[in-house]
Amino acid sequence: MTETTSNAENAKPAKKRNVPAADINFGNVVATVSTKWIANDWLTLKWLTATQFQTNTTSFNTTLEARLQEGSTRPQLTQSIKALDKSIDNALSYVKGYITNKYKKENATSYYAAFGIEHKGKKYVFPTDQNKRIAALKLMIEAISTHEFVNEEYGLAFWTPIKEQYTLLVKEATKTDGQVAVKVGDKNNLKNNLKKGLNAIVNVLKANYPDTYKQELRDWGFQKEKY
């Protein structure tokens with residue numbers, strides 16, 4: 001339905017919340033509010049003290065920084081794994097050629113499983129799952145020796161370092177993902193607790209400054225226009 005001028009004029013502007021959603025903005029706000037609360041002991045909550053809020057604020061920002069730092073290495077790991085995947089998939093066609101030349105085309109596919117090659121759709125490929133691919137690389141190295149392709153261009157000298165590099169990179173990626181997941185969980189728990197504190201402080205300021213609460217909120221660090 002076409003929007004009329006009347007509808008556009010009557011549409012309510014989107015309200016910006018006092019508490020930002022983005023982690024970095026949230027961290028900046030809680031840091032400012034925490035400092036302000038420590039300096040204004042008149043503001044009290046029965047379930048939360050200024051000191052507790054300050055401790056949670058420090059923990060949140062420290063955890064957020066650690067999560068960003070640990071996650072920053074993941075793109076490089078992903079790119080390195082992709083590069084190895086490309087090399088593996090390219091070399092696989094040559095190994096298929098070795099098998100065909102030695103055992104004839106009509107028999108070639110019966111040897112593929114020994115080399116870690118699986119049938120998927122209408123193609124014979126290496127597994128795409130990273131852990132299965134590591135297992136397939138181990139089979140490839142064993143089969144290269146068993147079927148006497150050791151000295152070929154894509155023989156033992158090629159596949160051995162590929163397996164070692166791939167295994168190491170996948171291990172590092174898995175470790176990084178686990179560490180990031182833990183930090184995200186810790187960060188989210190702290191954020192939920194801090195968010196309750198921020199909302200309570202907003203309500204206290206509104207109750208104590210019914211006519212000037214907007215200015216007070218800005219003074220305490222709640223600046224909607226920044227987020």
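Helix H6 spans residues 130-146 of the predicted model. Its 17 residues reach 24 Å from first C-alpha to last, close to the 24 Å expected at 1.5 Å a residue, the expected span being 1.5 Å times one less than the number of residues. Helices are DSSP runs (H or I, at least four residues), numbered from the N terminus. Residues are numbered from 1 along each chain as its sequence is written. In this predicted model, local features need pLDDT of at least 70 and side-chain atom pairs count only at pLDDT 80 or more, while totals for chains, interfaces and linings use all residues; side-chain values use heavy atoms, with hydrogens and water left out.

Asp129 caps the N-terminal end of H6. One of its side-chain oxygens lies 3.1 Å from the backbone nitrogen of Asn131. Glu148 follows the helix and has a positive phi, near 60°.

An α-helix has 3.6 residues a turn, so residues three or four places apart point the same way.

Arg133 belongs to H6. Arg133 counts as buried because its relative accessibility is 3%. Its side chain makes a polar contact of 3.1 Å with that of Asp89; such a contact is a pair of N or O atoms within 3.5 Å, one able to donate a hydrogen and the other to accept it, and residues adjacent in sequence count only if both atoms are side-chain atoms. Beyond neighbours within four places in sequence, contacts of Arg133 (heavy atoms within 4.5 Å) include Asp85, Ile88, Phe126 and Tyr166.

Notes:
Helices (H or I, at least four residues) and strands (E, at least two) are DSSP runs, numbered from the N terminus. Buried means under 20% relative accessible area, exposed over 50%, partly exposed in between (1.4 Å probe, protein chains only).
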